[in-house]
Amino acid sequence: MTTMTMAAALNAALADALAADEDVLLIGEDIGTLGGVFRITDGLQDRFGAERVIDAPLAESGIVGTSVGMAYAGRRPVCEIQFDGFVFPAFDQLVAQVARLHYRTGGRVRMPLVIRIPFGGGIGAVEHHSESPEAFFAHTPGLRVVTVADPQDACSTMRAAIACDDPVILLEPKRRYWGKGEVDTSLTADLDSARVLRRGRDATLVAYGPLVVTALEAAAAAEDDGIDLEVIDLRSLAPLDRDTVAASVRRTGRLVVAHEASGTVSLSSEVITCVIEDCFEHLEAAPERVTGYDVPYPPAALEDHHLPGIDRILDAVDRTLGRRSSREAA
Amino acid sequence: MSTTMSAGSTRSPRDEHHDPAPSDPAAPRGAAAPHPAAARSAGPRSAAPDPAEPDPAPSHPDLAGAVDQPLQVLAVDGTRRPEAQLDPCLRDVDEAQLAALFLDMSVIRALDDEAVALQRQGELGLWPPLRGQEAAQIGLARALPERDFFFTSYRENGVAWCRGVEPAEMLSVWRGTTLSGWDPFARRMATPQVIIGAQTHHAVGYAMAMAARGQEDIAIACFGDGAMSQGDVSEAMVFAASFRAPVLFFCQNNHYAISEPVALQSTVPLSHRPLGFGIPSLRVDGNDVLAVRAATRLAAERIRSGAGPMFLEAVTYRLGPHTTSDDPTRYRDETELERWRERDPILRLDRHLERLGAPVAQLRTEADERGREAADALRDAVAALPVPAPEALFEHVLTSEHPGLARQREQLTALEASLAPAGSAS
């Protein structure tokens with residue numbers, strides 16, 4: 001176990017994968033000499049060469065499409081999309097090619113790609129640098145969509161994603177890159193399962209990516225008020241581990257789902273629907289969600305109002321518990 | 001005739017630069033003046049030459065000199081014309097090879113006609129005929145060894161034929177029984193791409209992977225004139241040039257993207273565009289099977305030598321509709337069609353064989369017989385294509401089935417069982 005940042009943990013996982021398998025390669029913009037704009041690939045081109053850590057031309061469709069061809073030839077490309085808002089030029093290659101080739105060819109052609117996307121807000125960025133595009137991909141059959149939440153999880157999940165024979169969209173919460181934690185770089189995550197990070201009796205709080213840390217902070221704050229929250233990190237957004245969420249709600253009877261992405265037709269829509277289908281009779285209050293508003297990502301000066309924080313999450317918890325909330329106070 | 005043009009242009013879609021060489025066999029093929037861009041296209045990396053590497057251009061000094069006038073070996077009347085660049089690649093062509101090319105083109109046309117008939121009779125949902133493009137496809141595919149890998153669009157059934165794909169496999173996608181007719185690795189040909197131009201990236205990536213492994217295989221990206229406007233094709237050329245990928249860009253300019261004339265995609269010959277990416281190109285008469293075969297060999301040899309990608313524009317013409325759902329009489333006239341029927345690729349080789357004194361009558365009979373047999377066999381095989389079980393819906397979404405999908409599969413099975421007539425076996 002070593003203490004390291006999430007950025008260093010991701011770098012270690014990538015380095016280990018490159019060292020372990022000749023077919024693994026990295027491709028993206030500025031990932032070579034510069035080491036990536038977030039330095040996630042720092043030093044890897046020096047160590048593994050320009051043919052395995054490839055600085056790509058500035059064309060996201062090209063990065064993903066070229067990786068498709070490489071996968072046809074047996075390689076295992078790990079693509080870096082520099083920022084969340086830059087993934088859209090690659091949308092066709094992702095949803096019409098990567099997601100479908102295994103299905104289209106009756107299982108003959110595998111697409112063991114990892115598409116790394118730094119995502120989410122909270123860093124005071126300009127437009128197109130704070131997006132949460134996960135629902136587009138979670139809606140697309142044939143893609144796995146996973147998020148990471150802390151250094152250990154980032155390292156273990158990256159290892160699992162590279163080893164996986166399915167295409168994986170791996171969303172990295174950029175505002176958590178510099179958070180530190182103890183990491184055992186030999187661990188590999190289970191891509192199919194959610195994680196129960198905190199056991200609690202009163203309500204289930206579901207989050208993923210950047211809001212996992214926020215959810216744990218909210219649970220700590222709630223404890224001061226005598227409220228015992230269970231916190232679940234979904235980790236895999238597609239496929240969704242609905243059983244872990246339903247098992248929790250059966251015990252707590254209450255559900256709050258939090259994410260940065262806008263709420264309409266989102267992961268919270270899906271999680272709440274699953275809970276209603278799976279354990280409606282165990283619900284003691286209407287499920288709540290705390291999400292980004294249904295607006296394009298706002299200017300940085302307003303993002304703290306837009307992003308779910310501890311206060312908004314606890315306000316929703318209060319509503320599920322029948323306690324006085326902001327809506328009654330108004 | 002539509003006069004819709006790109007902004008500001010007053011050119012006719014049938015401008016001379018979109019037509020192949022003059023049909024008068026006596027007229028010398030104009031020694032194509034080098035295009036201004038030609039000087040910059042001497043090598044794939046001419047913008048930043050590496051002094052340590054020999055310039056690959058000298059072995060093919062005229063490589064970029066023919067970007068305007070399509071290279072031609074067989075004139076429309078079947079006479080063989082001298083062609084300095086292509087002749088060295090045709091030394092091995094004998095009468096038996098010409099006969100084989102004639103049979104290939106004839107049989108794939110018969111199969112194509114049969115597919116149209118099957119669609120008209122309701123046996124296929126749709127079919128994209130290749131009539132008129134036989135020389136471009138057969139000339140290309142017969143020039144390359146089996147190890148090279150094709151990434152094509154959906155009209156390249158001539159290529160599929162050369163790759164040993166069963167005709168019923170070609171039609172299965174259009175009958176709706178599967179999304180992929182064959183094993184891409186067994187045929188060295190990817191499942192034909194429906195999204196225009198998307199496969200060009202795949203060819204480049206495949207080629208880069210082959211080069212990284214030190215293998216000599218090249219990849220071929222087949223696409224049409226319409227694809228030239230897709231961003232993916234431009235991006236693919238950027239990647240191919242920057243990484244010197246061993247890839248052949250093969251553009252069949254059949255003059256139309258459904259109804260849109262090629263002049264809407266480009267106001268200069270399509271073969272000019274790669275030069276701006278640093279990719280040398282040749283424009284070849286796509287209805288001349290020998291010219292296509294020779295140009296492909298020339299390009300493949302250059303690519304395999306490590307000189308980087310190359311681009312061929314095969315100027316041809318789609319004699320039929322875009323698909324069986326299309327009505328080409330709405331956008332082109334009989335005069336134009338008549339002009340291109342005269343340039344029919346099979347007719348041209350037939351005339352050439354006749355001029356050579358080959359037993360062409362016998363060959364025609366053989367082509368007819370083989371075509372009829374293949375078409376009859378196709379009709380039977382299509383009728384016998386198995387319809388997958390409903391549960392096949394759920395197979396291969398991921399490499400392993402996840403619980404959510406298993407649940408949906410079980411729900412469908414239960415529903416179907418509940419709807420089955422009482423007493424029937426479940």
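Me: In this predicted model, is Asp315(A) buried or exposed, and what is its relative accessible area?
Reply: Asp315(A) forms a salt bridge through its side chain with Arg319(A), at 3.0 Å from N to O. A residue counts as buried when its relative accessible area is under 20%, and Asp315(A) falls in that class because its value is 18%.

Me: Which helix of chain A holds both Arg319(A) and Asp315(A), and how many residues apart are they?
Reply: Side chains of opposite charge can pair when their charged atoms come close. Arg319(A), which is itself buried with a relative accessible area of 17%, pairs with Asp315(A) in a salt bridge. The two are separated by about one helical turn, because they lie in helix H12 (residues 310-320) of chain A and are 4 residues apart.

Me: Which residues does the network of salt bridges that share partners join with Asp150(A)?
Reply: One pair to consider is Arg195(A) and Asp233(A), which form a salt bridge whose closest N and O atoms are 3.0 Å apart. Salt bridges that share partners join Asp150(A) into one network with Asp153(A), Arg195(A), Asp233(A) and Arg235(A).

Me: Which strands of chain A are linked by the pair Arg195(A) and Asp233(A)?
Reply: Arg195(A) and Asp233(A) meet in a salt bridge, and both residues are buried. The pair links distant parts of the chain, 38 residues apart, with Arg195(A) in strand E9 (residues 195-198) and Asp233(A) in strand E11 (residues 229-233).

Me: What is the N to O distance in the salt bridge between Glu172(A) and Arg116(A)?
Reply: Glu172(A) and Arg116(A) are both buried. Their side chains meet in a salt bridge, for which the N to O distance is 2.6 Å. The distance asked for, from N to O, is 2.6 Å.

Me: How many Å separate the C-alpha atoms of Asp184(A) and Asp153(A)?
Reply: Asp184(A) has its place in the loop between strand E8 (180-183) and E9 of chain A, and it is partly exposed, with a relative accessible area of 24%. Asp153(A) is 31 residues away along the chain, and the C-alpha atoms of the two are separated by 9.8 Å.

Me: How many residues of helix H2 of chain B are buried?
Reply: Helix H2 of chain B covers residues 134-141, and its buried residues include Glu134(B), Gln137(B), Ile138(B) and Leu140(B). The helix is largely enclosed by the rest of the structure, because the buried residues number 8 of the 8.

Me: Which residues form a negative surface patch with Glu369(B)?
Reply: Glu369(B) is found in helix H13 (residues 360-383) of chain B. A patch residue needs over 30% relative accessible area, and Glu369(B) is partly exposed at 40%. The residues that form the negative surface patch with Glu369(B) are Asp368(B), Glu373(B), Asp376(B) and Asp380(B).

Note on methods
Residues numbered from 1 in each chain as written. Chains lettered and ligands numbered in written order. Predicted model: local features only at pLDDT ≥ 70, side-chain atom pairs only at ≥ 80, totals over all residues. Heavy atoms only, no water. Patch = residues over 30% accessible without salt bridge, like charges linked within 9 Å, V, L, I, M, F, W, Y side chains within 5 Å. Areas by Shrake-Rupley, 256 points an atom, 1.4 Å probe, with all protein chains shown as cover. Salt bridge = Lys/Arg side-chain N within 4 Å of Asp/Glu carboxyl O. Lys, Arg positive; Asp, Glu negative; His and termini not counted. Charge placed at Lys NZ, Arg CZ, Asp CG, Glu CD. Buried < 20%, exposed > 50% of the residue type's maximum accessible area, 1.4 Å probe, protein only.
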